[in-house]
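Here's a quick briefing to read alongside the model. Have the sequence and the 3D view open as you go.

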Amino acid sequence: MDSTSPQRQQMIDTIQVLPNDTLAELQAFVQQLRDRTVKHAPQPQA
C-alpha cells in the first residue's frame, strides 16, 4: 500500500522531469530553507 499523498506524488513526479540546471536551483533553494529552519529552531535546554 502506497502511503504517499497525491500532492506529494505530484511534486515528486514534477521534480523528476526537471532539467539538471533547474534541479540544481531547486536543491539550493531547499538547502536555504533547511538552513533557515535549523537556524531559527528552538534550541534544547541543557
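**Quick tour of the chain**

Thr4 sits in the segment before helix 1 (6–16); helices here are DSSP runs of H or I with at least four residues, strands are runs of E with at least two, and both are numbered from the N terminus. This is a predicted model, where local features need pLDDT of at least 70, side-chain atom pairs count only at pLDDT 80 or more, and totals for chains, interfaces and linings use all residues. Residues are numbered from 1 along each chain as its sequence is written, and side-chain values use heavy atoms, leaving out hydrogens and water.

**Thr4**
- Thr4 is partly exposed because its relative accessible area is 26% (buried is under 20%, exposed is over 50%, partly exposed is in between, with a 1.4 Å probe and protein chains only).
- Apart from neighbours within four places in sequence, Thr4 touches Gln9 and Ile12 (contact means heavy atoms within 4.5 Å).

**Leu33**
- Leu33 belongs to helix 2 (residues 20–40).
- With 37% relative accessibility, Leu33 counts as partly exposed.

**The whole chain**
- Along the principal axes, the C-alpha atoms fill a box of roughly 45 × 35 × 10 Å.
- Buried residues account for 0% of the 46 residues.
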